Amino acid sequence: MSTDANTSGSDWQPGHSFTPPKEFAAQANASDPEIYGRAAEDPEVFWAGYASRLDWMEPWNQILEWNPPHAKWFVGGKLNVSTNCLDRHLATNGDRRAIVWEGEPGDQRTLTYRELSALVNQFANVLKQQGVGKGDRVSIYMPMVPEAAIAMLACTRLGALHSVVFGGFSVESLAERTNDCGAKVIITADGYWRRGNIVPLKSVVDEALPSCPSVKRAIVLRRAGDKCPVKMEPGRDLWWHDLIVGQSTDCAAEPMDAEDPLFILYTSGSTGKPKGILHTTGGYLTGAYTTTQLVFDIKPTDLYWCTADIGWITGHSYVVYGPLANCATVFMYEGSPDWSTQGEPCRDRFWDMIERHKITILYTAPTLIRACMKWGDEHPAKHDLSSLRLLGSVGEPINPEAWLWYHRHIGRERCPIVDTWWQTETGSIMITSLPGLTTTHPGSATRPFPGISVDVVDDMGRSLPPDHKGILVITKPWPSMLRTIWGDDHRYQQVYWSRFPGLYFPGDGALRDMEGNYWLLGRVDDIMLVAGHNLSTMELESVLVEHPAVAEAAVIGRSHEVKGQAPVAFVIVREEYAPPSSDGEARKRLAAELKEFVSQRLGAVCRPDEVIISGDLPKTRSGKIMRRLLRDIAEGRVLGDTSTLADPNIVAGIKSKYGSDDD
């Protein structure tokens, strides 16, 4: 990769930049610098141009109908997502690889577009036999196996909405999401492999379903087999492999209005209850298709690997829909990056798979990059990574040190890096470099994607000049934007549109430099970004106070070198449960019990790194907990303004205890 400054060793300094290699730029899908100007001049025409490359059953009669904060894109048009991801490729590319998959034990499968299409049609017929049709909701609680993508695409073929729940979420989390969307069917597996062990899924479903009255059927994929025996309830539970036998490989695709709902995906909310983000058909697919093509420079010869789980929006847009709509070959992996095919710990599984499969594009999270940095440079150094031609980062801002490590040790100083900012709510990438055009700066997501309009504003919503920290806003509608929160449009308007009327508020801070590059600064509300996943402080607090020992709790996100942020909980213990202040071991046992309690209720990703037992919490005279001061304590910073505290002595007491109660 060419650069305008010395980048060897530790010589890099802020302000240094990297320009695309000439050979990459010459063949890039986005190679015309005028694309930004054309898109800014008429974003509707820009988006319509890419939408027209999809297959439409009926043309639209209006590109955009904008009644803030509600948008309709490609009004009157009809299409089906599964036909755009499968059918339209079959005549010329039916034998091209669609999915290349590897399980953690090392088992492998490859599906061509023709084979994938047949399986999707068969499973759509299965769902149809179980009474699933247009507008019905289906919960998917699956591991990273090809059948996860098959289930998603089968739902789209019928016009049913899927709600994918991350396979690491707990019984309560699964039940809450399933009930909120009113799912008719749940699709799961017996279990899956993770770090050499079987993670059970069906048993979690069994615990959740008694409190999910809308679910009539559970379809179970056999992944772990005899290693994970499951209970099958007659009349409710059905095996995937039994249902698929004899099914036709033809299933008529449902014509879907561009604004018909496509899927619901839940993300944490600051009020504690997860938000069911609703995406619709035409606009979402246009955003995923266009960004995949231009940001990842997808070519027919690529083997593209996005390491995200399908339980997150990144897995939706950049494992399934965007790549398959572009007729890409997608790599999927089931397990952990630190486990070998021989069933033992290792630190180079990802680099081994890149070498063996000749993967050309890697899109992963800063969390993984930082973990690999911590493990040591020697692990990627053992492998031939010359097949890689493009790297990507997603999930949270990537610090410059991690960017440089990724550039040197994985890209070997020749691969462009696309650092992307977007959200579950935006549906597709919003701020990013275009690898054949953009000069990149370690730590910056660079420029808004063509057709996207953003700004940095102050607390009053006034546009800030360059080099001023402020709040990121999106100023114009875009095709893949969420349409509402499932069942709660008032909350949609309040959360995203009320802070700055007419401007979309994503909840992130940002700075725009003199060159127009954007630097993301993290969350400005009470959402933590842990290992690339948005977690609500309120959700964790609500669970903690359900424990009989806890009277009150406050959770904050503390900076973490690998995860970005880590939850830290400050709790007031009920008098009858309070360990003596002199009994350090009892306090440690209670802290460990509370960590495990949160993990069991919400999933391991929500487990607090520390639990601090305190006699009280810092509050204003009106009773509001001052989490800002708790963050200052957790980060070891000089305390900010304490003038509004009801009792300043409480802060001193917590500060003296911080770090003494973790196990």
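**Cores and salt bridges**

Start at Ile 187. Leaving out residues up to four places away in sequence, Ile 187 touches Phe 123, Leu 127, Val 138, Ser 139, Ile 140, Tyr 141, Met 142, Ala 151, Ile 219 and Trp 240. Keep in mind that this is a predicted model.

Now zoom out. The largest nonpolar core has 142 residues. Phe 123, Leu 127, Ile 187, Trp 240 and Phe 296 have the most contacts inside it. Helix H6, residues 146–158, gives the most to this core: 9 residues. Another core, of 30 residues, lies apart from it, with Trp 351, Leu 391, Ile 398 and Ile 410 among them.

Next, helix H7, residues 171–181. Its buried residues include Val 171, Leu 174, Arg 177 and Cys 181. Just after H7, Gly 182 takes a positive phi of about 70°.

On to charges. The structure holds 34 salt bridges. Take Arg 236 and Asp 206, at 3.1 Å, N to O. Arg 236 sits in the loop between strands S13 and S14, Asp 206 in helix H8, 30 residues apart. Arg 236 is buried at 12% relative accessible area, while Asp 206 is partly exposed at 21%.

Asp 455 lies in strand S25 and Arg 512 in strand S28, so the bridge ties together parts 57 residues apart in sequence. Asp 455 is buried, at 15% relative accessible area. Arg 512 counts as buried too, at 15%.

Last pair: Glu 546 and Arg 601, 2.6 Å, N to O. Glu 546 counts as partly exposed, at 45% relative accessibility.

Notes: Residues numbered from 1 in each chain as written. Predicted model: local features only at pLDDT ≥ 70, side-chain atom pairs only at ≥ 80, totals over all residues. Heavy atoms only, no water. Buried < 20%, exposed > 50% of the residue type's maximum accessible area, 1.4 Å probe, protein only. Helix = DSSP H or I, 4+ residues; strand = E, 2+ residues; numbered from the N terminus. Core = buried A, V, L, I, M, F, W, Y, C linked by side-chain atoms within 4.5 Å. Contact = heavy atoms within 4.5 Å. Salt bridge = Lys/Arg side-chain N within 4 Å of Asp/Glu carboxyl O.
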